[in-house]
Amino acid sequence: MAGHNDSSASEKKSSEATNDLPTFNTENMQSNMKIIYYSRTFMSIIGGVIAGILGFTSLTGFIFYFLVMAITSVGLVAKAGFSIHSYFGSWNQIVLDGFLSGLMSFVLFWTYPFD
């Protein structure tokens with residue numbers, strides 16, 4: 001994952017003197033958001049296949065999805081070194097982004113092995 005925009009020491013001194021707002025590199029932020037999206041999609045597919053093979057139905061399958069997404073979120077936070085604000089703007093980005101698109105992938109791959 002890519003972090004804050006790195007700058008030289010002279011730029012740091014001048015920026016620290018004027019304000020203490022963090023600056024983010026937009027390319028790095030977009031790359032981080034792609035990583036979240038792809039990770040959630042991949043884990044949704046794997047979770048859907050596992051839920052289908054294990055024969056989970058109705059509410060049990062959706063609870064399994066929420067468990068898989070919670071594990072994915074914890075894994076992404078651990079990958080970021082537990083310093084979310086160095087890589088993302090807020091907690092919502094790492095917890096909620098890609099959640100619904102992941103749900104559609106989960107349901108799709110849940111029904112194939114189950115059938």
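Reader: How confident is the predictor in the protein overall?
Author: This is a predicted model. Its mean pLDDT is 80, and 77% of the residues score at least 70.

Reader: Where in the protein is confidence lowest, and where is it highest?
Author: Helix 1, residues 9–18, has the lowest confidence, with a mean of 52. Helix 3 has the highest, at 91.

Reader: How many helices and strands are there?
Author: The protein has 6 helices and 0 strands. From the N terminus, the order reads α-α-α-α-α-α.

Reader: What share of the protein counts as buried?
Author: Of its 115 residues, 26% are buried. The cut-off for that label is a relative accessible area under 20%.

Reader: How do you know that the length of helix 2 agrees with its number of residues?
Author: Helix 2 covers residues 26–54, which is 29 residues.

Reader: Which residues of helix 2 are buried?
Author: The list includes Asn28, Met29, Asn32, Ile36 and Arg40. Thr41, Ser44, Gly47, Gly48, Ala51 and Gly52 are also on it.

Reader: What follows helix 2?
Author: Gly55 does, with a positive phi near 80 degrees.

Reader: What makes Ser58 stand apart from a glycine with positive phi?
Author: Ser58 is not a glycine, yet its phi is positive, near 40 degrees. Ser58 sits in helix 3.

Reader: Why is Ser58 called exposed?
Author: Its relative accessible area is 53%. Exposed means over 50%, so Ser58 gets that label.

Reader: What is the phi of Phe82, and where does this residue lie?
Author: Phe82 has a positive phi of about 60 degrees, although it is not a glycine. Its place is the loop between helix 3 and helix 4.

Reader: Why does Phe82 count as exposed?
Author: The value for Phe82 is 61% relative accessible area. That is over 50%, so Phe82 is exposed.

Reader: Why is Ser73 called buried?
Author: Ser73, in helix 3, has a relative accessible area of 12%. The limit is under 20%, so Ser73 is buried.

Reader: What makes the link between Ser73 and Arg40 a polar contact?
Author: Their side chains are joined at 2.8 Å. The cut-off is within 3.5 Å for a pair of N or O atoms, one able to donate a hydrogen and the other to accept it. The 2.8 Å of this pair meets that distance limit.

Reader: Which residues does Ser73 contact, leaving aside neighbours within four places in sequence?
Author: Arg40, Ile94 and Val95.

Reader: How many aromatic pairs does the structure hold?
Author: It holds 7. One of them joins Tyr65 and Phe106, with 5.1 Å centre to centre and 50 degrees between the planes.

Reader: Why is that pair of Tyr65 and Phe106 called tilted?
Author: Ring centres must lie within 6.5 Å to pair, and 5.1 Å does. Planes under 30 degrees apart are stacked and those over 60 are edge-to-face, so 50 degrees makes this pair tilted.

Reader: What makes the pair a link between distant parts of the chain?
Author: Tyr65 is in helix 3 and Phe106 is in helix 6, 41 residues apart.

Reader: How do you know that Tyr65 and Phe106 are buried?
Author: Tyr65 has a relative accessible area of 0%. Phe106 is also at 0%. Buried means under 20%, so both carry the label.

Reader: Which residues do ring pairs link into a cluster?
Author: Phe62, Tyr65, Phe66, Phe106 and Trp110.

Reader: Which residues does UniProt list as "transmembrane region"?
Author: The unreviewed entry lists 35–56, 62–82 and 94–112. In the model, residues 62–82 are 86% helix, with end C-alpha atoms 27 Å apart. Residues 94–112 are 89% helix, with ends 29 Å apart.

Methods
Residues are numbered from 1 along each chain as its sequence is written. Side-chain values use heavy atoms; hydrogens and water are left out. Helices (H or I, at least four residues) and strands (E, at least two) are DSSP runs, numbered from the N terminus. The expected span of a helix is 1.5 Å times one less than its number of residues. Buried means under 20% relative accessible area, exposed over 50%, partly exposed in between (1.4 Å probe, protein chains only). UniProt positions are given in the numbering used here, feature names are shortened, and annotations may be inferred rather than shown by experiment. Rings of Phe, Tyr and Trp (its six-membered ring) pair if their centres lie within 6.5 Å; planes under 30 degrees apart count as stacked, over 60 as edge-to-face and the rest as tilted. pLDDT is the predictor's confidence in each residue, from 0 to 100. Contact means heavy atoms within 4.5 Å.
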